[in-house]
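Please read its points in order, with the structure open alongside.

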Amino acid sequence: MTETRRGPIRAAVPLIAAAALAALAVLVTGCGADADRDGDGRPESAGRAALAADAGTGATPDKARIAENVKSALEVRISTGEGRFGSGTHSPCASSSPKVFTEECGEAADYTREAARFALDEIDGRSGFATLGATARKLDKAAATYRDLGCAKNPAAADARKACLDPAAVVAQGFSDLRDGANLGLAGK
């Protein structure tokens, strides 16, 4: 009879541990928004903070924990960017947007590029983030191209405007693509 009672309790231990890790992730990334700032108005790297905490205890974080930390830290930036600029067809950089050739799209491109570079910094030297790395590099290049072509200055020439549409479309989809890449990182892809 005692064995029967221990079985369900032992089965619940992994669930309790997972819930505790999830709560820790929420605390690290969500609580004290002012405390999670580097002083430059941008969210601090929750992923790096958690990894530094692991290093201080001598614990070796597993790939799943690293992926979750990266995803959580990146999600703060993605959500902030989506709230400020929108995403997909709601982005000022969407091909159908009347703002695609304005500084508003330029600011969205800059912020999206910063999020992409943040992702690249977070995953530098780590395996299991192939999709996120490829997505972030593509996004970084598209945002730079948008700026280099002067797209935010409402170019008059038809060929210049046409050249702006591809990088702008990549930027418009950038937050969603970064999120998808971070989610695939959880699966080691």
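1. Helix α3. At 1.5 Å a residue, the 23 residues of α3 should span 33 Å, and its end C-alpha atoms are 32 Å apart, which agrees. The expected span is 1.5 Å times one less than the number of residues in the helix. Helices (H or I, at least four residues) and strands (E, at least two) are DSSP runs, numbered from the N terminus. Gly-86 follows α3 and has a positive phi, near 85°.

2. Basis of the note. The model is predicted; local features need pLDDT of at least 70, side-chain atom pairs count only at pLDDT 80 or more, and totals for chains, interfaces and linings use all residues. Residues are numbered from 1 along each chain as its sequence is written, and side-chain values use heavy atoms, with hydrogens and water left out.

3. Overall composition. The protein has 7 helices and 0 strands, so that its pattern along the sequence reads α-α-α-α-α-α-α. Of its 189 residues, 36% count as buried; buried means under 20% relative accessible area, exposed over 50%, and partly exposed in between (1.4 Å probe, protein chains only). The protein exposes about 10,500 Å², of which carbon and sulfur atoms supply 57%; the areas come from the Shrake-Rupley method with a 1.4 Å probe, and for residues only the protein chains shown count as cover. Among the contacts in the protein with a separation of 6 or more, 69% are between residues 24 or more positions apart, where contact means heavy atoms within 4.5 Å.

4. Lys-71 in α3. Which residues of α3 are buried? They are Ile-66, Ala-67, Asn-69, Val-70, Lys-71, Ser-72, Ala-73, Leu-74, Arg-77, Ile-78, Gly-81 and Phe-85. Lys-71 deserves a separate remark. This residue lies in helix α3, which covers residues 63-85. Lys-71 is buried yet has no salt bridge, and the nearest side chain of opposite charge, Glu-75, is 4.1 Å away. A salt bridge requires a side-chain nitrogen of Lys or Arg within 4 Å of a carboxyl oxygen of Asp or Glu. Apart from its neighbours within four places in sequence, Lys-71 is in contact with Ala-182, Asn-183 and Leu-186.

5. Salt bridges. How many salt bridges does the structure hold? There are 9. Another salt bridge joins the side chains of Glu-104 and Lys-99 at 3.4 Å, N to O. Both of these residues count as partly exposed, Glu-104 at 33% relative accessibility and Lys-99 at 37%.

6. The side chains of Glu-103 and Arg-147 meet in a salt bridge at 2.6 Å, N to O. This pair links distant parts of the chain, with Glu-103 in helix α4 (residues 103-123) and Arg-147 in helix α5 (residues 130-148), 44 residues apart. Glu-103 is partly exposed at 37% relative accessibility, as is Arg-147 at 30%. Arg-113 forms a salt bridge with Asp-140, the closest N and O atoms being 2.5 Å apart. Because Arg-113 lies in helix α4 and Asp-140 in helix α5, this pair ties together parts that are 27 residues apart in sequence.

7. Helix α4 and Thr-112. Gly-125, with a positive phi near 80°, follows α4. Buried residues of α4 include Cys-105, Ala-109, Tyr-111, Thr-112 and Phe-118. Thr-112 is found in this helix and has a relative accessible area of 1%. The side chain of Thr-112 reaches the backbone oxygen of Ala-108 at 2.6 Å. Leaving aside neighbours within four places in sequence, Thr-112 is in contact with Leu-139, Val-171, Gly-174 and Phe-175. Thr-112 and Val-170 are 58 residues apart in sequence and 10.0 Å apart in space, C-alpha to C-alpha.

Definitions and conventions
Polar contact = N/O pair within 3.5 Å; in protein donor to acceptor, adjacent residues only side chain to side chain. Lys, Arg positive; Asp, Glu negative; His and termini not counted.
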